Amino acid sequence: MSKPTGFMDYKRIENGNIPPLERINNFKEFHPKLDEKARREQAARCMNCGVPLCQSALKLKGMVTGCPLHNYIPEWNDALYKGQFDMAAWRLLKTSSFPEFTGRVCPALCEKACNCGNPVVDTGAVTVHDNELFIIEKAFESGYMKPQIPANRSGKKVAVIGAGPAGLAVADWLNRRGHSVTVYEREDKAGGLLMYGIPNMKLEKSVIERRVNLMKAEGVEFVFNADVGHSTSADHILSQYDAVALCCGAKKARTLKVKGEDSYGVFFAVDFLKSVTKCVIATQEALSQIDMQPTNGQIAQMLLDRYGIAIEGKKVVIVGGGDTGNDCCGSAIRLGAASVTQIEMMPCPPVERAADNPWPEWPKVLKVDYGAEESLAKFGQDPRIYETTVKEVISEDSQIKAIRTVQVEFKNIDGKRQLVERPGTEKTVPCDLLLVAAGFVGCEEYTAQAFGTELGPRGTVVTQEVVSTGSTTAGNYVTKNPKIFTAGDMHRGQSLVVWAIAEGRECARQIDEYLNEQR
């Protein structure tokens, strides 16, 4: 145990935030880190509970609370408090492939299950998320993170299709087991939605490049601009490799299914965020030789020139109240939008936990994320409008000019929960740019079809029901073809980065067992 009285001696202190009106002037990460002394004090708050729910991934009423990776949180908190930074990194990396990713973008399921966060204790959860990030960044800084090249190779070859968090986790794990791994990625860079779906202010892309370079040094090969199922043959890959892991994500965006949604100025959020990130990277690279950082205006101009997306001085409306919608909000503000409105069909969450949502369940409460906070600071109002949806896109000469919205609510009709409109609540809202962040409906079918795998009703790859490899995981990752596996969003549907990594590791374990059986 770090310090028996630590949770009473020290108050919970999170990494800071650069003020909204200052941070919206660029696309840099905006969470200043605590110094070493303060971070070790935060680690001292960990009680090393007899039943550490933080690392248990406990399933309650169909929802999981706690860490899906089963991280040894009390162990590395203890090492961090004692200043044993290499020990802390060793224990962290034992279960977590990429702490530098989850330490930035994970919603911290672990903290929501922390015993210190129990309302009865009421001392505030341990800052697990920030402690994790400190440990891994300290490991990179100190030189602890060196290439770990396998001493022996198995002679087996594995192809991983998709370089998102699940694919990277599969590749990393199998390479460490001595198999030769090649990752095929249709984009020009690795990372999947980490690279082109999460904006720079949440995850700077140099962090991803650093990890990919480390993996390359350890022996993992990457083939970029390889669109498997289109430009790259699935049959060729099957003939060349002993096993294949499909980790292409679930990037088939949900449409609005309303009149006028094909108007110019209507974009899927994932396409918008990808275009913005490409422009941020391109402007950074162009100015790096003269040691200058790009301005938001330069990025906005490139966005217009390259992709025809005009945002500066425009009225932006975002459909969807989740993380992706919030990322669109923060990006639009940085790029000079005149106004940002974010509409959500669900009702506004309560400020405090409801009686049927007790600890340690995930708290279904209202939060003000960074995009909404920035809107409040710049425009003086919360951008979010609840229980509302788009009924029609109004355009002139095929260019969006406004949207017609209507208030909605869920009602039980004939025993079924249905979404119904509230009469007399229609409203016309001026709109120059409509970003659809309404979620995803599964994977893009062509890669799965190229490998002959089946898709289920949720648009995800179907796997065998019974685990035959002896793996301890409750899930199964092998398809009807015993040499083809799948993991991540392509397997479970749209989810969190931490779940993609957890799936990738378990999928890799099953692939390893399969390859060992083939010897």
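Biologist: At what angle do helix 13 (residues 269-288) and helix 14 (residues 296-307) pack?
Modeller: This is a predicted model, in which local features need pLDDT of at least 70, side-chain atom pairs count only at pLDDT 80 or more, and totals for chains, interfaces and linings use all residues. Residues are numbered from 1 along each chain as its sequence is written, and side-chain values use heavy atoms, leaving out hydrogens and water. Helices (H or I, at least four residues) and strands (E, at least two) are DSSP runs, numbered from the N terminus. Axes are lines fitted to C-alpha atoms, for helices over the stretch in contact, with angles from 0 to 180 degrees between N-to-C directions; here the axes are 9 Å apart and the angle is about 120 degrees.

Biologist: Is the crossing of helix 13 and helix 14 left-handed or right-handed?
Modeller: A crossing is left-handed if the near helix is turned anticlockwise from the far one by less than a right angle, and right-handed if clockwise. By that rule, the way helix 13 passes helix 14 is right-handed.

Biologist: How many nonpolar residues does the contact of helix 13 with helix 14 have?
Modeller: Contact means heavy atoms within 4.5 Å, and it involves F272, V276 and L287, among others, of helix 13, with I299, M302 and Y307 among those of helix 14. Ala, Val, Leu, Ile, Met, Phe, Trp, Tyr, Cys and Pro count as nonpolar, Asp, Glu, Lys and Arg as charged, and the others, Gly among them, as polar. Beside three polar and two charged residues, the nonpolar count is ten.

Biologist: Which are the edge strands of the open sheet?
Modeller: Five strands form this sheet with parallel pairing, in the order 7-15-8-9-10. Two strands pair if DSSP finds at least two bridges between them. The ones that pair on one side only are strand 7 (266-268) and strand 10 (384-385).

Biologist: How does helix 15 (residues 323-334) run, at what angle to strand 9?
Modeller: Strand 9 (residues 339-343) runs parallel to strand 8 (residues 315-319), joined by five bridges, with K315 opposite S339. Helix 15 lies across both of these and strand 15 (433-436), and its angle to strand 9 is about 175 degrees.

Biologist: Is C46 buried or exposed?
Modeller: C46 sits in the loop between helix 3 (36-43) and strand 1 (58-60). Its C-alpha atom is separated by 8.9 Å from that of C114, 68 residues apart along the chain. Because its relative accessible area is 8%, C46 is buried.

Biologist: Which residue in the turn of strand 12 and strand 13 has a positive phi?
Modeller: Strand 12 (residues 399-413) is joined antiparallel to strand 11 (residues 388-396) by eight bridges. Strand 12 also pairs with strand 13 (residues 416-421) in the antiparallel sense over six bridges, where F410 stands opposite L419. Two residues lie between strand 12 and strand 13 in their hairpin, and the one with a positive phi, of about 55 degrees, is D414.

How values were computed: Buried < 20%, exposed > 50% of the residue type's maximum accessible area, 1.4 Å probe, protein only.
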